[in-house]
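Here is a short briefing for a reader who is new to this structure. The points are grouped by topic.

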Amino acid sequence: MKVLVPVKRVVDYNVKIRVKADRSGVDIANVKMSMNPFDEIACEQAIRLKEAGVATEIVAVSAGEPKAQETLRTALAMGADRAILIESTDELQPLAVAKLLAAVVKKEEPQLVLMGKQAIDDDSNQTGQMLAALLGWPQATFVSRLTVADGRAEAGREVDEGIQTIAVKLPAVLTVDLRLNEPRYASLPNIMKAKKKPLDVVKPADLGVDVAPRLQYVQVEEPSARKAGVK
Amino acid sequence: MSVLVVAELDGGAVAKASLAAITAASQLGGDVDLLVMGSGVDGAAAGKVAGVRKVLVADAAHLAHPSAEDAAALLVQLAPAYDHLVAASTSFGKNVMPRAAALLDIAQVSDVIEVLGPDRFKRFIYAGNALATVASTDAKRVLTIRPTAFAPAAAEGGSASVEPVDLPAPSDLSSFVGQEVSQSERPELTSARIVVSGGRGMGSGENFKLLDELADVLGAAVGASRAAVDAGFVPNDFQVGQTGKIVAPDLYVAVGISGAIQHLAGMKDSKVIVAINKDEEAPMFQVADYGLVGDLFKLIPELTQELKRAKSS
(Lines give C-alpha, C1' and ligand atoms only; values in the text may rest on other atoms or scores of the structure.)
Protein backbone atom coordinates (compact mmCIF):
# COMPACT_ATOMS: atom_id res chain seq x y z
CA MET A 1 0.00 0.00 0.00
CA LYS A 2 1.25 3.43 -0.94
CA VAL A 3 0.94 6.26 1.59
CA LEU A 4 1.06 9.93 0.66
CA VAL A 5 2.24 12.37 3.33
CA PRO A 6 1.75 16.09 2.68
CA VAL A 7 4.14 18.28 4.69
CA LYS A 8 4.35 22.04 5.12
CA ARG A 9 7.29 24.33 5.77
CA VAL A 10 6.30 26.76 8.52
CA VAL A 11 7.89 29.16 10.97
CA ASP A 12 9.36 27.04 13.78
CA TYR A 13 6.90 26.59 16.62
CA ASN A 14 9.27 28.14 19.17
CA VAL A 15 9.67 31.41 17.31
CA LYS A 16 7.85 34.43 18.66
CA ILE A 17 6.68 35.96 15.41
CA ARG A 18 6.58 39.65 14.61
CA VAL A 19 3.97 41.52 12.60
CA LYS A 20 5.38 43.79 9.88
CA ALA A 21 5.17 47.51 10.64
CA ASP A 22 3.16 48.18 7.45
CA ARG A 23 0.61 45.55 8.55
CA SER A 24 1.02 43.61 5.32
CA GLY A 25 1.76 40.34 7.08
CA VAL A 26 4.06 38.50 9.43
CA ASP A 27 7.80 39.05 9.04
CA ILE A 28 9.26 35.65 8.14
CA ALA A 29 12.51 36.84 6.59
CA ASN A 30 15.49 35.34 8.47
CA VAL A 31 13.25 33.37 10.79
CA LYS A 32 13.90 29.72 11.56
CA MET A 33 11.63 27.47 9.53
CA SER A 34 10.87 23.80 10.07
CA MET A 35 8.35 21.09 9.30
CA ASN A 36 4.89 21.72 10.71
CA PRO A 37 4.80 19.66 13.96
CA PHE A 38 1.61 17.83 13.02
CA ASP A 39 3.14 16.80 9.70
CA GLU A 40 6.09 15.24 11.55
CA ILE A 41 3.58 13.09 13.38
CA ALA A 42 1.92 12.10 10.09
CA CYS A 43 5.31 11.25 8.65
CA GLU A 44 6.23 9.18 11.69
CA GLN A 45 2.94 7.28 11.45
CA ALA A 46 3.51 6.47 7.78
CA ILE A 47 6.96 5.14 8.62
CA ARG A 48 5.55 3.02 11.43
CA LEU A 49 2.99 1.59 9.00
CA LYS A 50 5.84 0.68 6.68
CA GLU A 51 7.83 -0.88 9.50
CA ALA A 52 4.74 -2.91 10.39
CA GLY A 53 4.52 -4.18 6.81
CA VAL A 54 1.25 -2.36 6.09
CA ALA A 55 2.68 0.34 3.84
CA THR A 56 5.08 -0.41 0.98
CA GLU A 57 6.00 3.07 -0.20
CA ILE A 58 5.86 6.53 1.40
CA VAL A 59 5.69 9.58 -0.83
CA ALA A 60 6.16 12.95 0.86
CA VAL A 61 4.72 15.96 -0.93
CA SER A 62 4.92 19.67 -0.25
CA ALA A 63 3.59 22.74 -2.00
CA GLY A 64 5.34 26.07 -1.85
CA GLU A 65 8.55 27.89 -2.60
CA PRO A 66 11.76 26.10 -3.66
CA LYS A 67 13.03 26.07 -0.06
CA ALA A 68 10.26 23.61 0.84
CA GLN A 69 12.73 21.06 -0.59
CA GLU A 70 14.47 21.22 2.80
CA THR A 71 11.25 20.10 4.49
CA LEU A 72 10.91 17.24 2.03
CA ARG A 73 14.53 16.21 2.70
CA THR A 74 13.65 16.07 6.39
CA ALA A 75 10.76 13.73 5.57
CA LEU A 76 13.11 11.61 3.44
CA ALA A 77 15.65 11.51 6.27
CA MET A 78 12.95 10.33 8.66
CA GLY A 79 12.14 7.45 6.30
CA ALA A 80 9.98 8.55 3.35
CA ASP A 81 10.99 6.86 0.07
CA ARG A 82 10.65 9.74 -2.36
CA ALA A 83 9.31 13.26 -2.53
CA ILE A 84 7.37 15.61 -4.77
CA LEU A 85 7.58 19.39 -4.59
CA ILE A 86 4.76 21.38 -6.14
CA GLU A 87 6.80 24.52 -6.64
CA SER A 88 5.06 27.86 -6.52
CA THR A 89 6.06 31.22 -5.16
CA ASP A 90 2.40 32.32 -5.05
CA GLU A 91 0.48 32.38 -1.81
CA LEU A 92 -1.17 28.95 -1.53
CA GLN A 93 -4.34 28.79 0.54
CA PRO A 94 -5.91 25.55 1.85
CA LEU A 95 -8.40 25.11 -1.01
CA ALA A 96 -5.64 25.52 -3.61
CA VAL A 97 -3.36 23.10 -1.73
CA ALA A 98 -6.21 20.58 -1.49
CA LYS A 99 -6.70 20.81 -5.27
CA LEU A 100 -2.97 20.40 -5.90
CA LEU A 101 -2.84 17.40 -3.58
CA ALA A 102 -5.94 15.89 -5.22
CA ALA A 103 -4.15 16.09 -8.58
CA VAL A 104 -1.09 14.36 -7.10
CA VAL A 105 -3.29 11.69 -5.51
CA LYS A 106 -4.93 10.95 -8.85
CA LYS A 107 -1.50 10.42 -10.39
CA GLU A 108 0.08 8.48 -7.55
CA GLU A 109 -3.01 6.52 -6.46
CA PRO A 110 -2.11 6.05 -2.78
CA GLN A 111 -4.46 4.11 -0.53
CA LEU A 112 -3.94 6.47 2.34
CA VAL A 113 -3.17 10.14 2.78
CA LEU A 114 -1.77 10.92 6.23
CA MET A 115 -1.44 14.59 7.10
CA GLY A 116 -1.38 17.05 9.98
CA LYS A 117 -4.65 18.33 11.42
CA GLN A 118 -3.58 21.95 11.04
CA ALA A 119 -0.59 24.08 10.14
CA ILE A 120 0.64 26.22 13.00
CA ASP A 121 1.01 29.32 10.82
CA ASP A 122 -2.46 29.99 9.40
CA ASP A 123 -4.24 27.67 11.86
CA SER A 124 -6.95 26.88 9.31
CA ASN A 125 -7.52 23.18 9.92
CA GLN A 126 -9.08 22.68 6.47
CA THR A 127 -6.78 21.06 3.92
CA GLY A 128 -7.30 17.39 4.85
CA GLN A 129 -11.07 17.70 4.96
CA MET A 130 -11.04 19.57 1.64
CA LEU A 131 -8.81 16.96 0.03
CA ALA A 132 -11.12 14.15 1.15
CA ALA A 133 -14.09 16.07 -0.27
CA LEU A 134 -12.44 16.67 -3.65
CA LEU A 135 -11.52 12.98 -3.94
CA GLY A 136 -14.88 11.74 -2.67
CA TRP A 137 -12.99 9.75 -0.02
CA PRO A 138 -13.91 9.32 3.63
CA GLN A 139 -12.02 11.32 6.23
CA ALA A 140 -10.93 10.76 9.80
CA THR A 141 -9.73 13.97 11.42
CA PHE A 142 -7.84 14.60 14.70
CA VAL A 143 -6.64 10.98 14.83
CA SER A 144 -4.77 9.93 17.97
CA ARG A 145 -5.12 6.13 17.63
CA LEU A 146 -4.92 4.18 14.41
CA THR A 147 -5.11 0.63 13.09
CA VAL A 148 -5.05 -0.11 9.37
CA ALA A 149 -6.08 -3.57 8.15
CA ASP A 150 -8.33 -5.35 5.65
CA GLY A 151 -9.00 -2.34 3.45
CA ARG A 152 -10.14 -0.10 6.28
CA ALA A 153 -8.75 2.14 8.96
CA GLU A 154 -10.07 2.31 12.47
CA ALA A 155 -9.29 5.67 14.00
CA GLY A 156 -9.70 7.12 17.48
CA ARG A 157 -10.48 10.81 17.03
CA GLU A 158 -9.90 13.52 19.63
CA VAL A 159 -13.25 15.28 19.86
CA ASP A 160 -14.46 17.87 22.38
CA GLU A 161 -16.17 15.27 24.56
CA GLY A 162 -13.39 12.68 24.64
CA ILE A 163 -12.37 10.08 22.08
CA GLN A 164 -14.61 8.94 19.24
CA THR A 165 -13.75 5.86 17.22
CA ILE A 166 -14.78 5.55 13.59
CA ALA A 167 -13.97 3.10 10.80
CA VAL A 168 -13.32 4.39 7.29
CA LYS A 169 -13.00 2.46 4.05
CA LEU A 170 -9.73 2.88 2.17
CA PRO A 171 -8.71 4.88 0.29
CA ALA A 172 -9.09 7.62 2.89
CA VAL A 173 -7.64 10.87 4.16
CA LEU A 174 -6.54 10.91 7.80
CA THR A 175 -5.44 14.03 9.68
CA VAL A 176 -3.38 13.41 12.79
CA ASP A 177 -3.43 14.93 16.25
CA LEU A 178 -0.56 15.47 18.66
CA ARG A 179 -0.96 12.32 20.65
CA LEU A 180 -0.80 9.79 17.81
CA ASN A 181 2.92 9.23 18.28
CA GLU A 182 6.31 10.69 19.17
CA PRO A 183 8.15 11.56 15.93
CA ARG A 184 11.71 10.25 15.57
CA TYR A 185 14.77 12.39 14.90
CA ALA A 186 16.56 11.90 11.62
CA SER A 187 20.05 10.47 12.24
CA LEU A 188 23.07 11.97 10.49
CA PRO A 189 23.61 8.93 8.19
CA ASN A 190 19.95 9.09 7.23
CA ILE A 191 20.20 12.81 6.51
CA MET A 192 23.12 12.02 4.18
CA LYS A 193 21.21 9.19 2.50
CA ALA A 194 18.16 11.40 2.08
CA LYS A 195 20.16 13.65 -0.23
CA LYS A 196 20.25 10.83 -2.78
CA LYS A 197 16.58 9.95 -2.63
CA PRO A 198 14.43 11.09 -5.58
CA LEU A 199 12.72 14.47 -5.36
CA ASP A 200 10.54 15.50 -8.32
CA VAL A 201 9.51 19.08 -8.91
CA VAL A 202 6.24 19.94 -10.63
CA LYS A 203 4.36 23.20 -11.12
CA PRO A 204 0.71 23.91 -10.35
CA ALA A 205 0.16 24.46 -14.08
CA ASP A 206 1.46 20.91 -14.79
CA LEU A 207 -1.29 19.67 -12.52
CA GLY A 208 -3.90 21.90 -14.14
CA VAL A 209 -4.75 23.71 -10.93
CA ASP A 210 -5.59 27.40 -10.58
CA VAL A 211 -4.05 28.48 -7.29
CA ALA A 212 -5.33 32.08 -7.19
CA PRO A 213 -6.16 32.98 -3.56
CA ARG A 214 -9.86 33.33 -2.76
CA LEU A 215 -9.25 35.02 0.57
CA GLN A 216 -7.50 38.35 0.70
CA TYR A 217 -5.50 39.11 3.81
CA VAL A 218 -6.39 42.81 3.97
CA GLN A 219 -4.21 43.54 6.95
CA VAL A 220 -2.37 41.78 9.74
CA GLU A 221 -1.96 43.51 13.07
CA GLU A 222 -0.57 42.86 16.52
CA PRO A 223 -3.19 41.61 18.94
CA SER A 224 -3.86 44.10 21.71
CA ALA A 225 -1.36 43.67 24.53
CA ARG A 226 -2.53 42.93 28.06
CA LYS A 227 -1.90 45.41 30.82
CA ALA A 228 1.02 44.51 33.05
CA GLY A 229 -0.03 42.54 36.11
CA VAL A 230 1.21 42.41 39.69
CA LYS A 231 3.26 39.71 41.38
CA MET B 1 -29.78 37.40 2.21
CA SER B 2 -29.90 34.37 4.44
CA VAL B 3 -27.59 32.41 6.70
CA LEU B 4 -27.69 28.73 7.64
CA VAL B 5 -26.21 27.86 11.02
CA VAL B 6 -25.34 24.23 11.66
CA ALA B 7 -26.41 23.94 15.29
CA GLU B 8 -25.22 21.22 17.63
CA LEU B 9 -27.54 19.97 20.33
CA ASP B 10 -26.60 19.30 23.92
CA GLY B 11 -29.25 17.15 25.58
CA GLY B 12 -31.98 18.45 23.24
CA ALA B 13 -31.11 22.15 23.73
CA VAL B 14 -28.90 24.13 21.38
CA ALA B 15 -25.29 23.90 22.56
CA LYS B 16 -23.73 27.07 23.93
CA ALA B 17 -21.10 27.17 21.19
CA SER B 18 -23.85 27.07 18.57
CA LEU B 19 -25.73 29.89 20.34
CA ALA B 20 -22.57 31.96 19.89
CA ALA B 21 -22.50 30.98 16.21
CA ILE B 22 -26.10 32.24 15.91
CA THR B 23 -25.01 35.63 17.30
CA ALA B 24 -22.20 35.78 14.74
CA ALA B 25 -24.64 34.77 12.00
CA SER B 26 -27.07 37.54 12.96
CA GLN B 27 -24.23 40.07 12.56
CA LEU B 28 -23.89 39.09 8.89
CA GLY B 29 -27.30 40.64 8.19
CA GLY B 30 -30.21 38.66 6.77
CA ASP B 31 -32.39 35.82 8.00
CA VAL B 32 -30.91 33.13 10.19
CA ASP B 33 -32.03 29.52 9.80
CA LEU B 34 -30.78 26.60 11.86
CA LEU B 35 -30.01 23.06 10.80
CA VAL B 36 -30.09 20.41 13.50
CA MET B 37 -29.21 16.81 12.80
CA GLY B 38 -29.34 13.62 14.77
CA SER B 39 -31.42 10.59 15.53
CA GLY B 40 -34.68 11.33 17.35
CA VAL B 41 -34.18 15.12 17.30
CA ASP B 42 -37.22 17.39 16.98
CA GLY B 43 -35.84 20.93 16.79
CA ALA B 44 -38.38 22.21 19.33
CA ALA B 45 -35.75 23.81 21.58
CA ALA B 46 -33.91 25.23 18.58
CA GLY B 47 -37.14 26.94 17.46
CA LYS B 48 -37.21 28.96 20.68
CA VAL B 49 -33.80 30.56 20.15
CA ALA B 50 -34.20 34.30 19.69
CA GLY B 51 -33.72 35.67 16.20
CA VAL B 52 -34.18 32.44 14.27
CA ARG B 53 -36.49 32.31 11.23
CA LYS B 54 -36.71 28.60 10.56
CA VAL B 55 -35.34 25.34 11.94
CA LEU B 56 -34.53 22.54 9.51
CA VAL B 57 -34.51 19.13 11.14
CA ALA B 58 -32.51 16.25 9.72
CA ASP B 59 -33.68 13.27 11.73
CA ALA B 60 -32.47 9.81 10.75
CA ALA B 61 -30.92 6.77 12.39
CA HIS B 62 -27.66 7.16 10.45
CA LEU B 63 -27.28 10.72 11.77
CA ALA B 64 -27.05 9.62 15.43
CA HIS B 65 -23.34 10.44 15.20
CA PRO B 66 -23.26 12.31 11.90
CA SER B 67 -20.20 11.55 9.80
CA ALA B 68 -18.44 14.36 7.95
CA GLU B 69 -19.46 12.64 4.72
CA ASP B 70 -23.19 12.69 5.53
CA ALA B 71 -23.23 16.11 7.18
CA ALA B 72 -21.33 17.78 4.33
CA ALA B 73 -23.57 16.16 1.69
CA LEU B 74 -26.61 17.57 3.49
CA LEU B 75 -25.07 21.05 3.64
CA VAL B 76 -24.28 20.98 -0.05
CA GLN B 77 -27.89 20.09 -0.77
CA LEU B 78 -29.18 23.01 1.33
CA ALA B 79 -26.54 25.53 0.21
CA PRO B 80 -28.31 26.95 -2.89
CA ALA B 81 -30.81 28.78 -0.65
CA TYR B 82 -28.12 30.45 1.48
CA ASP B 83 -25.38 33.05 1.21
CA HIS B 84 -23.52 31.95 4.32
CA LEU B 85 -22.99 28.59 5.99
CA VAL B 86 -21.87 28.99 9.60
CA ALA B 87 -20.88 26.67 12.42
CA ALA B 88 -19.02 26.98 15.71
CA SER B 89 -15.39 25.86 15.51
CA THR B 90 -15.96 22.83 17.70
CA SER B 91 -14.53 19.45 16.76
CA PHE B 92 -17.79 18.85 14.84
CA GLY B 93 -17.71 22.15 12.95
CA LYS B 94 -14.01 21.85 12.14
CA ASN B 95 -14.56 18.36 10.78
CA VAL B 96 -17.60 19.05 8.61
CA MET B 97 -17.42 22.63 7.30
CA PRO B 98 -14.19 22.44 5.23
CA ARG B 99 -15.54 19.31 3.54
CA ALA B 100 -18.73 21.14 2.58
CA ALA B 101 -16.72 24.21 1.51
CA ALA B 102 -14.54 22.20 -0.88
CA LEU B 103 -17.58 20.47 -2.38
CA LEU B 104 -19.01 23.95 -3.02
CA ASP B 105 -15.62 25.24 -4.24
CA ILE B 106 -15.48 27.88 -1.52
CA ALA B 107 -12.49 28.95 0.58
CA GLN B 108 -13.51 28.65 4.23
CA VAL B 109 -12.71 31.30 6.82
CA SER B 110 -11.81 29.42 10.02
CA ASP B 111 -12.30 30.47 13.62
CA VAL B 112 -13.67 33.96 13.00
CA ILE B 113 -13.48 36.25 16.06
CA GLU B 114 -15.16 39.33 14.59
CA VAL B 115 -17.64 39.95 11.78
CA LEU B 116 -16.84 43.22 10.00
CA GLY B 117 -19.37 42.75 7.19
CA PRO B 118 -20.91 39.97 5.10
CA ASP B 119 -17.55 39.28 3.44
CA ARG B 120 -15.01 40.64 5.94
CA PHE B 121 -13.82 38.93 9.06
CA LYS B 122 -11.10 38.97 11.66
CA ARG B 123 -9.25 35.84 12.69
CA PHE B 124 -6.08 34.99 14.56
CA ILE B 125 -3.10 33.37 12.87
CA TYR B 126 0.21 32.10 14.28
CA ALA B 127 -1.26 30.79 17.54
CA GLY B 128 -3.00 34.06 18.28
CA ASN B 129 0.13 36.17 17.81
CA ALA B 130 -1.22 38.05 14.80
CA LEU B 131 -4.71 39.25 14.00
CA ALA B 132 -5.67 39.12 10.33
CA THR B 133 -8.49 40.89 8.52
CA VAL B 134 -9.69 38.60 5.77
CA ALA B 135 -11.92 39.43 2.80
CA SER B 136 -13.65 36.60 0.97
CA THR B 137 -13.98 36.87 -2.80
CA ASP B 138 -16.29 33.87 -3.14
CA ALA B 139 -19.98 34.22 -4.01
CA LYS B 140 -20.96 32.29 -0.88
CA ARG B 141 -19.11 32.06 2.39
CA VAL B 142 -18.40 29.18 4.71
CA LEU B 143 -17.35 30.23 8.20
CA THR B 144 -16.50 28.64 11.48
CA ILE B 145 -16.64 31.03 14.40
CA ARG B 146 -14.79 31.04 17.70
CA PRO B 147 -17.52 30.59 20.34
CA THR B 148 -15.69 32.54 23.05
CA ALA B 149 -15.61 35.65 20.83
CA PHE B 150 -19.40 36.03 20.59
CA ALA B 151 -22.06 36.26 23.31
CA PRO B 152 -24.48 33.33 23.09
CA ALA B 153 -27.90 34.10 21.58
CA ALA B 154 -30.85 33.90 24.00
CA ALA B 155 -32.15 30.33 24.12
CA GLU B 156 -35.72 31.57 24.68
CA GLY B 157 -37.94 34.20 23.11
CA GLY B 158 -38.03 33.08 19.48
CA SER B 159 -40.80 31.27 17.63
CA ALA B 160 -39.28 29.79 14.51
CA SER B 161 -41.10 27.34 12.28
CA VAL B 162 -39.72 23.81 12.44
CA GLU B 163 -39.68 21.64 9.34
CA PRO B 164 -38.06 18.38 8.30
CA VAL B 165 -35.57 18.25 5.42
CA ASP B 166 -35.17 15.60 2.74
CA LEU B 167 -31.92 13.75 3.24
CA PRO B 168 -29.35 12.67 0.69
CA ALA B 169 -28.62 8.94 0.63
CA PRO B 170 -26.38 7.86 3.52
CA SER B 171 -22.70 7.42 2.70
CA ASP B 172 -21.24 3.99 3.36
CA LEU B 173 -17.66 5.28 3.44
CA SER B 174 -17.37 5.52 7.20
CA SER B 175 -19.08 4.19 10.28
CA PHE B 176 -19.27 5.08 13.94
CA VAL B 177 -17.66 2.49 16.22
CA GLY B 178 -17.85 3.99 19.69
CA GLN B 179 -17.20 6.94 21.93
CA GLU B 180 -15.40 7.33 25.24
CA VAL B 181 -16.88 10.38 26.91
CA SER B 182 -15.00 11.84 29.85
CA GLN B 183 -17.37 12.10 32.77
CA SER B 184 -17.26 15.24 34.82
CA GLU B 185 -19.51 16.85 37.39
CA ARG B 186 -17.88 20.20 36.73
CA PRO B 187 -18.89 22.94 34.30
CA GLU B 188 -17.90 22.36 30.71
CA LEU B 189 -14.42 23.76 30.02
CA THR B 190 -15.19 26.01 27.04
CA SER B 191 -18.22 27.66 28.63
CA ALA B 192 -17.09 27.82 32.28
CA ARG B 193 -16.82 31.25 33.92
CA ILE B 194 -13.81 30.15 35.94
CA VAL B 195 -11.12 27.74 34.80
CA VAL B 196 -8.36 26.27 36.95
CA SER B 197 -5.60 24.68 34.85
CA GLY B 198 -2.60 22.60 35.78
CA GLY B 199 0.62 21.94 33.92
CA ARG B 200 3.73 19.82 34.22
CA GLY B 201 4.40 21.45 37.57
CA MET B 202 1.58 19.40 39.07
CA GLY B 203 3.98 16.44 39.02
CA SER B 204 1.37 13.69 38.80
CA GLY B 205 -2.27 12.96 38.04
CA GLU B 206 -2.81 12.32 41.73
CA ASN B 207 -1.84 15.92 42.51
CA PHE B 208 -4.62 17.22 40.26
CA LYS B 209 -6.85 16.52 43.28
CA LEU B 210 -5.51 19.78 44.68
CA LEU B 211 -6.91 21.59 41.67
CA ASP B 212 -10.18 19.64 41.88
CA GLU B 213 -10.66 20.92 45.45
CA LEU B 214 -9.90 24.48 44.41
CA ALA B 215 -12.22 24.14 41.39
CA ASP B 216 -15.01 22.82 43.62
CA VAL B 217 -14.84 25.87 45.88
CA LEU B 218 -14.83 28.21 42.90
CA GLY B 219 -17.39 26.29 40.83
CA ALA B 220 -14.73 26.14 38.14
CA ALA B 221 -13.86 23.79 35.29
CA VAL B 222 -10.46 22.10 35.30
CA GLY B 223 -8.12 22.43 32.32
CA ALA B 224 -4.56 21.45 31.56
CA SER B 225 -1.54 22.20 29.43
CA ARG B 226 -0.26 19.82 26.80
CA ALA B 227 2.56 18.72 29.10
CA ALA B 228 0.05 17.58 31.72
CA VAL B 229 -1.98 15.68 29.13
CA ASP B 230 1.04 14.07 27.48
CA ALA B 231 2.31 12.99 30.89
CA GLY B 232 -1.02 11.22 31.41
CA PHE B 233 -2.10 13.38 34.38
CA VAL B 234 -5.51 14.10 32.78
CA PRO B 235 -7.39 13.12 29.56
CA ASN B 236 -6.73 15.01 26.33
CA ASP B 237 -10.08 16.80 26.30
CA PHE B 238 -8.76 18.87 29.24
CA GLN B 239 -6.15 20.49 27.01
CA VAL B 240 -6.29 24.25 26.61
CA GLY B 241 -4.29 25.79 23.77
CA GLN B 242 -3.72 26.29 20.07
CA THR B 243 -4.56 22.68 19.35
CA GLY B 244 -6.81 22.00 22.30
CA LYS B 245 -9.73 24.04 23.52
CA ILE B 246 -9.92 27.82 23.32
CA VAL B 247 -11.33 29.33 26.51
CA ALA B 248 -12.02 32.90 27.58
CA PRO B 249 -13.43 32.71 31.12
CA ASP B 250 -13.78 35.57 33.56
CA LEU B 251 -11.00 34.04 35.64
CA TYR B 252 -8.24 31.71 34.50
CA VAL B 253 -5.93 30.27 37.16
CA ALA B 254 -2.76 28.76 35.65
CA VAL B 255 -0.99 26.50 38.11
CA GLY B 256 2.45 25.12 37.30
CA ILE B 257 2.12 26.14 33.64
CA SER B 258 5.15 27.90 32.13
CA GLY B 259 3.09 29.70 29.47
CA ALA B 260 4.35 28.43 26.12
CA ILE B 261 3.04 30.22 22.98
CA GLN B 262 0.81 27.25 22.21
CA HIS B 263 -0.87 27.32 25.63
CA LEU B 264 -1.34 31.10 25.66
CA ALA B 265 -3.17 30.81 22.31
CA GLY B 266 -5.95 29.01 24.13
CA MET B 267 -6.48 31.29 27.13
CA LYS B 268 -5.02 34.76 26.73
CA ASP B 269 -8.43 36.31 26.07
CA SER B 270 -9.50 35.43 29.60
CA LYS B 271 -10.67 38.50 31.54
CA VAL B 272 -8.41 37.96 34.54
CA ILE B 273 -5.43 35.63 34.53
CA VAL B 274 -3.79 34.42 37.73
CA ALA B 275 -0.48 32.58 37.51
CA ILE B 276 0.97 30.42 40.25
CA ASN B 277 4.47 29.20 39.51
CA LYS B 278 7.72 28.69 41.38
CA ASP B 279 9.75 30.07 38.44
CA GLU B 280 9.42 33.83 38.46
CA GLU B 281 10.80 33.96 34.90
CA ALA B 282 7.92 31.83 33.58
CA PRO B 283 6.38 33.49 30.47
CA MET B 284 2.92 33.02 32.01
CA PHE B 285 3.71 35.96 34.33
CA GLN B 286 3.90 38.24 31.27
CA VAL B 287 0.20 37.79 30.56
CA ALA B 288 -0.97 37.32 34.15
CA ASP B 289 -2.89 40.09 35.91
CA TYR B 290 -1.96 38.60 39.25
CA GLY B 291 1.07 36.42 39.78
CA LEU B 292 2.13 34.38 42.75
CA VAL B 293 5.68 33.04 42.87
CA GLY B 294 5.93 30.01 45.09
CA ASP B 295 5.39 26.30 45.60
CA LEU B 296 1.97 25.30 44.34
CA PHE B 297 1.80 22.38 46.78
CA LYS B 298 1.79 24.90 49.62
CA LEU B 299 -0.09 27.73 47.95
CA ILE B 300 -3.02 25.84 46.43
CA PRO B 301 -4.21 24.23 49.70
CA GLU B 302 -3.82 27.60 51.44
CA LEU B 303 -5.80 29.34 48.72
CA THR B 304 -8.50 26.68 48.88
CA GLN B 305 -8.73 27.05 52.68
CA GLU B 306 -8.95 30.83 52.47
CA LEU B 307 -11.68 30.64 49.82
CA LYS B 308 -13.63 28.15 51.94
CA ARG B 309 -13.36 30.44 54.94
CA ALA B 310 -14.40 33.49 52.93
CA LYS B 311 -17.35 31.58 51.54
CA SER B 312 -18.61 30.33 54.90
CA SER B 313 -18.30 33.69 56.65
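**Strands of chain A**

A hairpin of chain A joins β8(A) to β9(A) through 2 residues. The model is a predicted one.

- β8(A) and β9(A) run antiparallel and are joined by 8 bridges. In this pairing V159(A) stands opposite G162(A) of β9(A).
- β8(A), residues 152-159, is mostly covered, with 6 of its 8 residues buried.
- On β8(A) there is also an antiparallel pairing with strand β7 (residues 139-149) of chain A, made over 6 bridges. Here L146(A) stands opposite A155(A) in β8(A).
- β7(A) and β8(A) form a hairpin with 2 residues between the strands, and D150(A) takes a positive phi near 55° in this hairpin.

**Contact between the chains**

- Strand pairing crosses from one chain to the other: β9 (residues 162-169) of chain A and β12 (residues 174-181) of chain B run antiparallel, joined by 7 bridges. G162(A) stands opposite V181(B) in β12(B).
- In contact with each other are 72 residues of chain B and 64 residues of chain A.
- About 5,700 Å² is buried between chain B and chain A, and carbon and sulfur atoms give 48% of this area.
- The rule finds 50 residue pairs in polar contact across the interface, with both residues at pLDDT 80 or more. The side of chain B that touches chain A has 30 nonpolar, 23 polar and 19 charged residues.

**A covered strand in chain B**

- All 5 of the 5 residues of strand β6 (residues 84-88) of chain B are buried.
- Both faces of β6(B) are covered: one side has H84(B), V86(B) and A88(B), the other L85(B) and A87(B), and all are buried.
- Strand β1 (residues 2-7) of chain B runs parallel to β6(B) and is joined to it by 4 bridges. V5(B) stands opposite V86(B) in this pairing.
- β6(B) is also joined, by 5 bridges, to strand β10 (residues 141-145) of chain B, and these two run parallel. There V86(B) stands opposite L143(B).

**Salt bridges**

- Side chains of opposite charge can pair when their charged atoms come close.
- Over all chains the structure holds 34 salt bridges, and the count between chain B and chain A is 8.
- E221(A) and K122(B) form a salt bridge, with their closest N and O atoms 3.2 Å apart.
- D230(B) forms a salt bridge with R179(A), where the closest N and O atoms are 3.0 Å apart. This pair crosses between chains, from helix α6 (residues 226-230) of chain B to the loop between β10 and α5 of chain A. D230(B) has 40% relative accessibility, so this residue counts as partly exposed.
- In the salt bridge of D289(B) with R226(A), the closest N and O atoms are 2.8 Å apart. This pair also crosses between chains, from the loop between α8 and β17 of chain B to the segment after β12 of chain A. D289(B) counts as buried because its relative accessibility is 18%, whereas R226(A) is partly exposed at 24%.
- Within chain B, the side chains of D31(B) and R53(B) meet in a salt bridge of 3.1 Å, N to O. The pair links distant parts of the chain, 22 residues apart, with D31(B) in strand β4 and R53(B) in the loop between α2 and β5.
- A network of salt bridges links K2(A), E57(A), R82(A) and E108(A).

Key. Residues are numbered from 1 along each chain as its sequence is written. Chains are lettered from A and ligands numbered from 1 in the order in which they are written. This is a predicted model: local features need pLDDT of at least 70, side-chain atom pairs count only at pLDDT 80 or more; totals for chains, interfaces and linings use all residues. Side-chain values use heavy atoms; hydrogens and water are left out. Contact means heavy atoms within 4.5 Å. Buried area is the accessible area (1.4 Å probe) that two parts lose on being put together, summed over both. A salt bridge is a side-chain nitrogen of Lys or Arg within 4 Å of a carboxyl oxygen of Asp or Glu. A polar contact is a pair of N or O atoms within 3.5 Å; within protein, one must be able to donate a hydrogen and the other to accept it, and residues adjacent in sequence count only if both atoms are side-chain atoms. Ala, Val, Leu, Ile, Met, Phe, Trp, Tyr, Cys and Pro count as nonpolar, Asp, Glu, Lys and Arg as charged, and the others, Gly among them, as polar. Two strands pair if DSSP finds at least two bridges between them. Buried means under 20% relative accessible area, exposed over 50%, partly exposed in between (1.4 Å probe, protein chains only).
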